[in-house]
Amino acid sequence: MRQYDAPLVPHLSAAFGRKGISVLTDKHDEFCKCIASVFIFSKNYVSIKESLDDFFKTSQRRHDKVHVVATVFYGVNRSELEGNFAKALFEHPTSYQASQWRSAEEIITLPGHEKINKQSDCEFVEKIATDVYEKIFPKERIGIYSRMLQDISNLLCSQQWGVKSIGFWGMPGIGKTELAKAVFDQMASDYEVTCFLQNFHETFETKGLYSLLQEHFKNLTNQNIPKRVLLVLDDVRNHLYAESLLAELPSFSLGSLIIITSRDDQVLSQYQVNQTYKVEGLNKLEAMQLFSLCAFEKDVKETNLLKDNSMKVIEYANGNPLALRVYGKEMSSHEQTSQKETLFLKLKQDPPHQIMEVVKSSYYALNDNEKNILVYIAFCFTGKHVEDVSKLLQDLGFFPDIGIDRLVANSLVTISENKLEMHNMIQGVVKKIGRCSEDSNTSFKCVLGTTDIEAISLDASNLNPDVELSLFRSMYNLRYLSIYYSNPEKHGKALESFSLPYGLRFFHWETYPLKSLPQDFDPSNLVELNMPYSQLQTLWGGTKNLKMLKRINLRHSRKLLEVNELSEARNLEQIDLCGCKNLQSFPSIRNLHKVRVVDLPSCIKIKSFPEFPSNVELKFEGSPIKTMYPPVPLIRVKSLCEFLDNPTKPLNFERHGPYILDILRPGSFLNSQKRITNPDMVETPPTFKDIMCEKAILMSQWALENLKSFRKVDF
């Protein structure tokens, strides 16, 4: 960049310097080393012979693939400049070749920067510097200059005058270091002393405190007068390391700034930075831009220009810059669509080395409890409610209240709408660690085909019918077993042999196809049985030891006849029999003092119900009815049709006694009228269907009014 009657040049040079870009304005011998050229066209530009010489020399490099060219129109518009070049051509007809004039015309017509009337010189200069930086380093700071730097600037401006501090945190590969570099480059010229310590944790442990002080702060430690310092500590994992370093340094002058980056939000809290900034992923347009630059070496910003495979990879990366760069580079080496599809599947199952290393460094920093919980979430609990997962993990012998919070603080797990979420990149790495059992310090193992298996989540949609599920019994360490069908059309196939291990604590099988559980299964350690929509008729024959059972979910098991075995489950807390319309008896729960929630079916085949303790929350098909002190005497209506014939007839509570109010989902009609159109809910002739909804609502309202008039109840 040369200065020819352009007052903008010194300001632009300073702006480039803040971004870490060196500017050459007068060094002809270093011209060949330049990677970018900025033409600042002013009114007198063409009239200066020396500027024309430089212009034509630079124009020869415009077609060089790695050379960036930017144009700025300052005090002159494009059409006026074209006229000035035409005039120069007339005045110097033999000085330059025709090809050079054509190149000049091409450069003038390039998209450039023209100052808007209300735009300040400062804004104009910053926009030019940002544009050139992004052209020189198109893959490095996408999203940083356009969004994040302004956020950081606002946060710092809101802090009181003094030694300011801010912490950047976020998941591995999200761009914390790059953001810190951008802030450092932007602000370094405003400070007397600057220092950027990259990979601080690793450097501190390998070199030690004394070596760091000698290498980076030798001049500062000898100063008696406080200096205005800009200090960046990148990748801090132990707040004590940062504190010990700063304790050895002299006091900083007012206006100094300390920036700390960490994957662990707790580290920033322990260091007590003034403010924290969570680095979020790229938005969709930024992600497309970064991926296309890495995969195709061109900027593609429109979705319809990217093939389906590319969009799948972009969605899988979910805004993580490291994942987008690595996946993009991997995809660029394959041209055929089929190859890219195969590669994408491979990348999910076997993450690239660069991604493995960055996530593993976070994994190995966890303690044993946190590692186990992380692997369980990756394999089994992504997308599940936090409370439900916490119960299961606690039953499996872990400490979820502490562990989950630490995983969230370490940016390995997030909680959204009360559900646990994990980034695809992290999940892929953690699953590989779990399968390979690389960590000898954790008890979690998931090596298929060995007795060390502790947890299995099995998609049975494409299960080979020849597979013997009796092999589960030999997996002595198996504690968690979940069998599901990703394809609803492929489920419920009959099994000839099936057995379960003694140590099993959690068993989930939706649409279980057999009439009962294996007779040889000993459920002494079973804590939760989750088998909705099953074909069960009974749990098993005979008496079983259910001393550990806390929760059972058999909802919508429409062939289920009885569950009398539950009367021996002394630690049972929750029973869900919603939708079990053929259930003929309900077990006695007189001795089940820990039962808190019972979800009852709306069926007419149960001849008698036990008396429920007053502290049990009763639900009818999902609608809660809380019992009060003393228990509310409930009534039973044998059929909907019987009641609809005379909806105003009073019910004799004294004669009927404490029965169950079974009028086909009394509360749910009010809350979800559309479900009444399901013919499976009530067995009635087709001609009755048109008036069922209206009658049922009236019936529910009437029933609730009768109950309230009998005894004050909080519904």
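A residue is called buried when its relative accessible area is under 20%, and exposed when that area is over 50%. The exercises below use this term for a predicted model.

**Exercise 1. Overall picture**

Find how many helices and strands the chain has, and what share of its residues is buried.

Solution. The count of elements comes to 25 helices and 19 strands. Turning to accessibility, buried residues account for 49% of the 715 residues in the chain.

**Exercise 2. Strands β16, β17 and β18**

Determine which way the residues of β17 point, and describe how β17 pairs with β16 and with β18.

Solution. Begin with the side chains of β17 (residues 597-600): Val597 and Asp599 point one way, Val598 and Leu600 point the other way, and all of them are buried. Next, take the pairing with β16 (residues 574-576), which is parallel and runs over 3 bridges, with Gln574 standing opposite Val597 of β17. Then take β18 (residues 617-620), which runs parallel to β17 and is joined to it by 4 bridges, Lys619 of β18 being the bridge partner of Asp599. Finally, compare the faces of β18, where Leu618 and Phe620 form the covered face, whereas Glu617 and Lys619 form the uncovered one.

**Exercise 3. An open sheet and the helix across it**

Work out the strand order of the open sheet of 3 strands, and state which strands are at its edges.

Solution. The order is β1-β2-β3, and the pairing is parallel. The edge strands are β1 (36-41) and β3 (113-114), each of which pairs on one side only. Looking at one pair in detail, β2 (residues 68-73) and β3 are linked in the parallel sense by 2 bridges, and His113 in β3 is the bridge partner of Val72.

**Exercise 4. The packing of α1 and α5**

Decide how α1 and α5 are oriented to each other, and identify the residues that make their contact.

Solution. Helix α1 (residues 8-18) packs with α5 at an angle of about 50 degrees, their axes being 9 Å apart. Angles from 65 to 115 degrees count as roughly perpendicular and those under 35 as roughly parallel; α1 and α5 are therefore oblique to each other. Their crossing is right-handed. On the side of α1 the contact is made by Leu8, His11, Leu12, Ala15, Phe16 and Arg18, and on the side of α5 by Phe124, Val125, Glu126, Ile128, Ala129 and Val132. Sorted by class, this contact has 9 nonpolar, 1 polar and 2 charged residues.

**Exercise 5. The surroundings of α8**

List the buried residues of α8, and name the elements against which they pack.

Solution. In α8 (residues 200-207), the buried residues are Phe200, His201, Thr203 and Phe204. These buried residues pack against the strands β5 (193-197) and β6 (229-233), and also against the helices α9 (209-216) and α11 (239-247). Following the chain just past α8, one reaches Gly208, which takes a positive phi of about 90 degrees.

Definitions and conventions:
Residues numbered from 1 in each chain as written. Predicted model: local features only at pLDDT ≥ 70, side-chain atom pairs only at ≥ 80, totals over all residues. Heavy atoms only, no water. Pairing = 2+ DSSP bridges. Buried < 20%, exposed > 50% of the residue type's maximum accessible area, 1.4 Å probe, protein only. Axes fitted to C-alpha atoms, helices over the stretch in contact; angles between N-to-C directions. Parallel < 35°, antiparallel > 145°, perpendicular 65-115°, else oblique. Left-handed = near helix turned anticlockwise from the far one by under 90°. Contact = heavy atoms within 4.5 Å. Nonpolar A, V, L, I, M, F, W, Y, C, P; charged D, E, K, R; others polar.
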